[in-house]
Amino acid sequence: MEFNDYFVTIPLLKTDRLTLRSFCSDDIDTYLGIIHDPQVQQFLGGGVNLFNKEPHISNWLNNINGRLLKTKTVITWCVELTKENKVIGRIDLGGFAKKSMAEISYYLSPEYWGMGFATEAVKEVTHFGFDALRLHRIQALVMSENTPSIKVLKKAGFSEEGILKKYLIGKEFHDTVMLAAIREQNLNYALGTTIGIQPFKNAPPSG
């Protein structure tokens, strides 16, 4: 499959404990509870729209599953705890540049912090970015005070590159850490295994 083929529908990704899939209307109540949580909002810089009613809900679903996907702006996954069929967060891969670079972002319900779920999701999306989309670089921007998220990225194989002073995060300016993973460095992006580049295990069948 080619780069463009992965923007027809949200790719379904699975890890040992998580299912990364498209959002649907049944997820909204749980998702709204997550994004309205002050512990989540503190590191988003006011950049996530706190909608809570129609038509904003339908417009958001149509955007992430339709327009933003088809224009190759961003792929937005719902993070679901597979055994419980429970939505626990969101992860995005977007800002694609020349089919070679992208930026990853994510947030989970505080109820599931510190359990390795964020690292698991980041590794899988990074794996997808390198193997399926054949990206060369995936980067992340994190507020310098958000040490748990920095640790997540480093566990997922990202390296700290520097600090951007008073960088715009959402609608606010913060000292921001730039981290990145480079495909050519045989990133440790497979879950729990250090390997080189291998065929993407969750690529959908062609045709």
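This is a predicted model: local features need pLDDT of at least 70, side-chain atom pairs count only at pLDDT 80 or more; totals for chains, interfaces and linings use all residues.

**Entry 1: aromatic rings**

I began with phenylalanine 3 and phenylalanine 7. Their ring centres are 5.0 Å apart and their planes meet at 40°, so I logged the pair as tilted. Both phenylalanine 3 and phenylalanine 7 are buried.

Next I looked at phenylalanine 7 with phenylalanine 96, which form an edge-to-face pair, with 5.3 Å from centre to centre and 90° between the planes.

**Entry 2**

Then I went through some of the pairings. β3 and β4 run antiparallel and are joined by 8 bridges; here tryptophan 77 stands opposite isoleucine 91 in β4. β4 (residues 86-97) and β5 also run antiparallel, with 7 bridges between them, and alanine 97 stands opposite methionine 101 in β5. The hairpin of β4 and β5 has 3 residues between the strands, and in it lysine 98 takes a positive phi near 55°.

β5 and β6 run parallel, joined by 3 bridges. I found glutamate 103 with glutamine 139 in β6 as its bridge partner. Together, β5, α4 and β6 make a right-handed β-α-β unit.

**Entry 2: the cores**

Which residues touch the most other members of the largest nonpolar core? Trp77, Ile91, Leu93 and Ile104 do, in a core of 42 residues. At least two residues of this core come from each of β2 (18-21), β3 (74-81), β4, β5, α4, β6, α5 and β8. The largest share, 7 residues, is supplied by α4. As a reminder to myself, nonpolar side chains tend to be buried together in soluble globular proteins.

Not counting residues up to four places away in sequence, isoleucine 104 touches Ile91, Asp92, Leu93, Val122, Val125, Thr126, Ile138, Gln139, Ala140, Leu153 and Phe158. There is also a second, separate core of 19 residues, which includes Ile35, Leu44, Leu61 and Val87.

**Entry 3: helix α5**

Which residues of α5 are buried? In this helix (residues 147-155), I noted Ser149, Ile150, Val152 and Leu153 as buried. Seen down the axis, the buried residues of α5 fall within an arc of 155°, so they line one face of the helix. On the other side of α5, Pro148, Lys151 and Lys155 are exposed.

What do the buried residues of α5 pack against? I found β5 (101-108), α4 (117-131), β6 (137-143), β7 (159-169) and β8 (172-182). After α5 comes glycine 157, with a positive phi near 100°.

**Entry 4: isoleucine 169**

I finished with isoleucine 169, which is found in strand β7. Isoleucine 169 is buried, at 11% relative accessible area. Which residues is isoleucine 169 in contact with, leaving aside its neighbours within four places in sequence? My list reads Phe43, Leu44, Gly45, Leu141, Met143, His174 and Thr176. For methionine 143, I also looked up the spacing: its C-alpha atom and that of isoleucine 169 are separated by 7.8 Å, with the two residues 26 apart along the chain.

Notes. Residues are numbered from 1 along each chain as its sequence is written. Side-chain values use heavy atoms; hydrogens and water are left out. Buried means under 20% relative accessible area, exposed over 50%, partly exposed in between (1.4 Å probe, protein chains only). Helices (H or I, at least four residues) and strands (E, at least two) are DSSP runs, numbered from the N terminus. The arc is that of the directions from the helix axis to the C-beta atoms. Contact means heavy atoms within 4.5 Å. Two strands pair if DSSP finds at least two bridges between them. A crossover is right-handed if, with the strands pointing away from the viewer, the path from the first strand over the helix to the second runs clockwise. A nonpolar core is a set of buried Ala, Val, Leu, Ile, Met, Phe, Trp, Tyr and Cys residues joined through side-chain atoms within 4.5 Å. Rings of Phe, Tyr and Trp (its six-membered ring) pair if their centres lie within 6.5 Å; planes under 30 degrees apart count as stacked, over 60 as edge-to-face and the rest as tilted.
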